[in-house]
Amino acid sequence: MSNKKTIQALNEKAKAIEALADGETETVRALQDGPPGMPAGCTTVFDTGWETNPRPTYPVGNCQASARDFHGCAGDCWWPAQTPDGLTNHPDMDQQCPNVARDWRKMKYD
Amino acid sequence: MNTALTWADHRIVDREDGAVVYGVEDVSLFSLDREARDVLARWRLVEPLVVENTPEPDRSVLEDFRTARLLVPAGTTSRVPRVEPGTVPLSTLVLEVAQACNLRCTYCYADGGTYGGPTRLLSPETARRAARFLVDASGDLPEVTLVLFGGEPLLNLPAIRAAVDEAEARATDAGKTVRFSLTTNGTLLSRENVAFLREHRVSVSVSLDGPPAIHDANRPGPDGRGSYSRAVAGLALLLDGAPGPVAARVTLPPAQWDRVPEVFDHLAGLGVHEVGIAPASPTTPDLLPTPQQEDRLLAGFSEMARRFCAAARAGQVLPFSNLLDLLARIHVGATRVAPCGAGLGYLAADTEGRLFLCHRLVGNDGFHAGDVGQGARPDRIRTCLAALAAPRKETCTACWARSLCRGGCHYDNHQRENVLGLSPGGNCGFIRRWIQLGLEVYGDLQREETRWLLSRLGTRAAC
């Protein structure tokens with residue numbers, strides 16, 4: 001938002017929309033324009049969205065979290081939800097937490 | 001991120017000091033100062049628009065438009081979420097207590113209260129079954145509403161008592177509360193039945209059409225004599241020490257559409273707490289309005305809107321339901337997924353316990369959707385709603401009023417298109433002008449001295 005407010009929210013929906021955008025422009029950047037490529041930045045721990053799977057295997061170009069789910073489905077440790085980022089922020093997650101559904105409390109992330 | 005943006009569908013209401021912009025998809029309202037209005041005028045036709053490539057000072061204003069989601073990434077599409085019949089718990093059941101009436105109103109959509117066919121009354125047993133059906137079909141809802149309706153419901157007190165008694169007992173067992181409402185022509189109100197209605201906190205609407213000449217012309221008895229004096233006598237009993245608000249519900253045929261303010265004044269003068277004015281449904285070709293008559297109705301509503309704003313500046317609420325309801329919806333900005341709750345949380349039961357999409361479609365076999373013993377039939381509801389929506393699909397998609405309207409009254413549309421053979425959309429112009437009036441009034445109420453009214457609108461919307 002500019003410092004001088006030229007546009008004012010009037011009804012409750014408009015206020016809710018403005019609240020959605022609070023801080024958005026400062027903290028969130030779309031990292032990838034055009035066709036799928038390599039990650040270009042960092043992500044918040046539980047953000048499923050921005051970084052892509054860097055491995056040259058399936059699913060190419062998917063976000064890390066969905067790539068994890070994709071491979072996780074093969075084993076007995078499937079976690080059908082958002083997962084911690086095990087490549088950048090929690091590389092030892094699989095040691096701390098061999099079974100996510102059972103051991104998630106052991107993970108020491110904030 | 002040099003994202004290519006396009007303008008979201010919007011509508012501009014120009015004002016002296018800038019403009020109010022209505023976000024069509026979101027039902028969002030923003031006021032623009034003169035600078036923002038100029039920026040909008042300069043860039044409105046530029047698409048796609050990359051904000052980063054625009055010069056200051058326009059750029060920061062365009063950023064504000066993006067924050068307001070009036071500028072959105074190119075290719076953004078929105079879909080109206082589909083609501084599946086059968087997944088929505090029942091919140092309101094309209095019960096045809098009496099398919100009979102002691103009046104013969106000229107515009108009645110229910111064929112003298114009978115909804116076609118012979119006169120009949122709801123049995124106390126069926127009333128109890130219907131009350132149980134309502135509570136049992138209400139899922140997790142903490143509160144349900146039973147509407148006692150007709151015909152004239154007060155012709156059948158035994159069924160009213162049975163329904164109220166059973167609904168209260170069943171709701172208590174289920175840990176829920178039940179609210180009752182009743183619409184009456186007022187002529188059969190007595191001290192006894194008013195006491196009963198109060199005891200069970202039944203909120204009452206009285207059908208009154210205004211001054212004696214108008215009311216008597218519209219609402220005669222079978223002998224042709226007007227019902228004004230009897231209705232007003234009943235109203236007086238209701239108003240005497242009324243524990244809650246009493247509403248007057250007006251129906252006007254097109255020939256009387258130029259009389260809105262005087263009808264309102266008369267009823268407000270009788271002491272009712274709120275007045276709602278409905279244009280009569282086109283049950284017959286002679287009730288179809290001409291464009292001039294629509295203009296007069298709009299002029300009447302505009303006059304009411306002007307008075308509403310003047311009253312608000314004086315710290316008062318003009319109790320004109322139509323405008324209060326519209327403003328409450330605009331204030332909250334909730335987008336509709338369907339024009340009304342018919343078949344989606346709202347059903348009507350006739351005297352035989354057969355379920356229909358809504359109270360107005362009772363007795364019409366094409367809209368029969370189950371019964372109170374075996375429950376509603378989602379498959380039937382789905383088919384009916386799809387058939388009702390189909391003729392308007394394309395026009396609704398392109399209409400700026402869509403998120404607040406979603407297609408208008410099913411009954412009116414059915415009547416116009418399937419019974420009278422008119423092409424779809426005959427009512428759209430009127431609806432759009434009415435919603436436009438609401439947007440203008442809402443913009444007007446943003447002044448310092450009328451802002452107190454807005455939070456009241458929020459409270460109303462929550463009711």
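Predicted model: local features only at pLDDT ≥ 70, side-chain atom pairs only at ≥ 80, totals over all residues.
Good morning. Chain A contains five helices and one strand. Along its sequence, these elements follow the pattern β-α-α-α-α-α, so named in order from the N terminus.

The chain has 110 residues, and 20% of them count as buried. Among its contacts with a separation of 6 or more, 13% are between residues 24 or more positions apart.

Please look at the pairings in turn. β1(A) and β4(B) run antiparallel and are joined by three bridges. Within that pairing, Gln8(A) has Ser31(B) in β4(B) as its bridge partner.

I now turn to helix α2 of chain B, residues 58-67. Which of its residues are buried? They are Val61(B), Leu62(B), Asp64(B), Phe65(B), Arg66(B) and Thr67(B). The elements that cover these buried residues come from both chains: they include β1 and α1 (12-21) of chain A, and β1 (5-7), α1 and β5 (71-73) of chain B. After α2(B) comes Arg69(B), with a positive phi near 60°.

This brings me to the contact between the chains. How many residues take part? In chain B 27 residues are in contact with 16 residues of chain A. On the side of chain B that touches chain A, at least two residues each are supplied by β4, α1, α2 and α10 (321-332) of chain B. The largest share, six residues, comes from α2(B). By residue type, this side of chain B divides into 12 nonpolar, nine polar and six charged residues.

Finally, let us consider the domains of chain B. The domain assignment gives domain 1 as residues 5-73 and domain 2 as residues 90-463. Their centres, taken over C-alpha atoms, are separated by 38 Å. The contact between them takes 13 residues from domain 1 of chain B and 12 residues from domain 2 of chain B. On the domain 1 side, the elements that give two or more residues are β2, β3 and β4 of chain B. The residues on that side divide into six nonpolar, two polar and five charged.

To close, I would ask you to keep one element in mind as you view the model. Strand β4(B) is bridged to β1(A), it is among the elements that supply at least two residues to the side of chain B that touches chain A, and it also gives two or more residues to the side of domain 1 that touches domain 2 of chain B. Thank you for your attention.

Conventions:
Residues numbered from 1 in each chain as written. Chains lettered and ligands numbered in written order. Helix = DSSP H or I, 4+ residues; strand = E, 2+ residues; numbered from the N terminus. Buried ≥ 20, exposed ≤ 12 C-beta atoms within 10 Å, placed from the backbone. Contact = placed C-beta atoms within 7 Å. Domains from an automatic or database assignment. Nonpolar A, V, L, I, M, F, W, Y, C, P; charged D, E, K, R; others polar. Pairing = 2+ DSSP bridges.
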